[in-house]
Amino acid sequence: MIAIIIISIICYRRKSQQAEREYEKIKSQLEGLEESVRDRCKKEFTDLMIEMEDQTNDINEAGIPVLDYKTYTDRVFFLPSKDGEKDVMITGKLDIPEARRQTVEQALNQFSNLLNSKSFLINFIHTLENQREFSARAKVYFASLLTVALHGKLEYYTDIMRTLFLELMEQYVVAKNPKLMLRRSETVVERMLSNWMSICLYQYLKDNAGEPLYKLFKAIKHQVEKGPVDAVLKKAKYTLNDTGLLGDDVEYTQLTVNVYVQDGGIDSVPVKVLNCDTISQVKEKIIDQVYRSQSCSQWPKADSVVLEWRPGSTAQILSDLDLTSQKDGRWKRINTLMHYNVRDGATLILSKMGISQQPEDNQQDVPGERHALLEDENKVWHLVRPVDEIDEGKSKRGSVKEKERTKAITEIYLTRLLSVKGTLQQFVDDFFHSVLNSNHVVPPAVKYFFDFLDEQAEKHDIKDEDTIHIWKTNSLPLRFWVNILKNPHFIFDVHVHEVVDASLSVIAQTFMDACTRTEHKLSRDSPSNKLLYAKEISNYKKMVEDYYKGIRQMVPVSDQDMNTHLAEISRAHTDSLNTLVALHQLYQYTNKYYDEIINALEEDPAAQKMQLAFRLQQIAAALENKVTDL
């Protein structure tokens, strides 16, 4: 028996040593690869800084395009909902007959008073969460409606959140798995916390973290657009994301075209494009440059403008697909500047689409044809033609040599990813420093909530630092910062292309990795994002640890100071929100689970004393235009 134990220990040690050697080997190889691209990164970074200087001047002149408070909260709270931009909370349009509007509004104001009764609201939330069909998605949406409805009294909202949070914590402590708390947003209170952080950190985003985040976004966008981007596959030559990497080498040349805008003055605007860009990509780059002093939401869409090329006295309308498009069997290639033979220094005219500018048959396809072709992506291609079903069968029977070649290609691709990473590194570091530095401004909400978590850990005799670290990570970096980092359009007036989003996701994942205490040992099977930031991750982890320690040592934020801060936010922004719409939508839940809510109120002594069930019945009668039976 002893011999078996000794053999097991020896085998375990050997495996551990082997894993450690492999880890060191991979680390060394990565450092070698990074060294090989360092000079290129320095040059690319210098070029990027020079090219971004104009945009930095734009930022200084016009300011960062931070969205107003209402648009910001609409996007954070409701854009991810199933209706997206058409959600009634974003449009603000309620379908109420004019004859009943006054009655409905009065009843909704009474419902608002009812929500401001803590006894009613806690009963309301508990009853909903006890319903099996009240899904996680419904909880998230309900919590966001509640945030808007109670925005005028954020101190009260915070008190409700705190009460529910203590209940949630009790559940996890009793179940002996406190580490799992806040991992997801599966309860109303978890979403309330996300929204509370979003509300409290808006001004901080605007005044502090917004600039480095915006510059990071612009740097990624600029770097991605410097190289080919496949319009169909949504893959780019310059990216941080291996799944979004354009594998094939595409020959291309940068061109500078001189663009005249119809009714836009006599001067032309020089715009940098690639000869492999589709016409829609060219339009987007032109719009980006021509209208850069205006808000992105006011820019014309690429499909609402016409691009004309003037090679001499003649004029030709350029489009993605037309009768000149290259065909091969069932495949049709999207037109590029190279297809039309547009050269460097060419003159282009951008105009709004009008009846007189409808394309002729020999120049451009009809919209229906283009829609039909783009609907089935297998029929059109841009830079890399997708593999046909016949070719796919052949490729599955690849040889060992083919696999070795693929491995070599992967290393080349990793070098390309490392090159982009090196170019963007300063922008990534600046953003991380801006949100993980306790020596700078720390929003009072962060200090207040972190202290609350520390107090609760002490109360429940939780001495495990890992648990407290996880709570803090799940309540701020993963709940708020990762969401903003992956969705810059939540805070800025910008459009985020899929290829830019792919790189942002890698940075967001690195930010998440930095917040975990577990060590990830590298192996050949490690995801590329972990390999990319292998050298930096230990520094980032230390930044997170130091940030949490720094906040713990700060002067506490009293309840009074926090309430004053919350009252200021309520005063400044509540009038701009669709409060009445939120109340109307919240009432739909009351209507759906009416009997269950009435029963809960009638069984609760405090609710009985305040006649809350009766008040709800009166509101229901007014809203549903029926006579109450009381």
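Which residues in H8 meet which residues in H21? Trp196, Ile199 and Cys200 in H8 meet Met562, His565, Leu566 and Ile569 in H21, where a contact means heavy atoms within 4.5 Å. Before going further, some ground rules are needed. This is a predicted model, in which local features need pLDDT of at least 70 and side-chain atom pairs count only at pLDDT 80 or more, while totals for chains, interfaces and linings use all residues. Residues are numbered from 1 along each chain as its sequence is written, and side-chain values use heavy atoms, with hydrogens and water left out.

The protein has 25 helices and ten strands. Helices (H or I, at least four residues) and strands (E, at least two) are DSSP runs, numbered from the N terminus. Of the 630 residues, 49% are buried; buried means under 20% relative accessible area, exposed over 50%, and partly exposed in between, with a 1.4 Å probe and protein chains only. Among contacts between residues at least 6 apart in sequence, 76% join residues at least 24 apart.

Return now to the two helices of the opening. H8 and H21 pack at an angle of about 80°, and their axes are 11 Å apart. Axes are lines fitted to C-alpha atoms, for helices over the stretch in contact, and angles run from 0 to 180 degrees between N-to-C directions. H8 is therefore roughly perpendicular to H21, since angles of 65 to 115 degrees count as roughly perpendicular, under 35 as roughly parallel, over 145 as roughly antiparallel and the rest as oblique. The contact of H8 with H21 has six nonpolar residues, one polar and no charged ones. In this classification Ala, Val, Leu, Ile, Met, Phe, Trp, Tyr, Cys and Pro are nonpolar, Asp, Glu, Lys and Arg are charged, and the others, Gly among them, are polar.

A second pair of helices can be read in the same way. Helix H15 (residues 444-459) and helix H20 (residues 537-552) pack at an angle of about 90°, with axes 10 Å apart, which makes H15 roughly perpendicular to H20. Val446, Lys447, Phe450 and Asp454 of H15 make this contact with Tyr547, Tyr548, Ile551 and Arg552 of H20. By class, the residues of the contact of H15 with H20 are five nonpolar, no polar and three charged.

Helix H2 (residues 69-78) is largely enclosed by the rest of the structure, because nine of its ten residues are buried. Among them are Tyr69, Tyr72, Phe77 and Phe78. The buried residues of H2 pack against several helices, including H8 (188-200) and H21 (559-573). At the start of H2, a side-chain oxygen of aspartate 68 reaches to within 3.1 Å of the backbone nitrogen of lysine 70.

The strands come next. Two strands pair if DSSP finds at least two bridges between them. E3 is joined to strand E4 (residues 269-274) by six bridges, and these two run antiparallel. Asparagine 258 has proline 270 in E4 as its bridge partner. E3 also pairs with strand E9 (residues 347-352), in the parallel sense, over four bridges; there, valine 259 has leucine 348 as its bridge partner.

Elsewhere, three strands form an open sheet in the order E7-E8-E10, with mixed pairing. Its edge strands are E7 (327-328) and E10 (380-381), each of which pairs on one side only.

Key
Polar contact = N/O pair within 3.5 Å; in protein donor to acceptor, adjacent residues only side chain to side chain.
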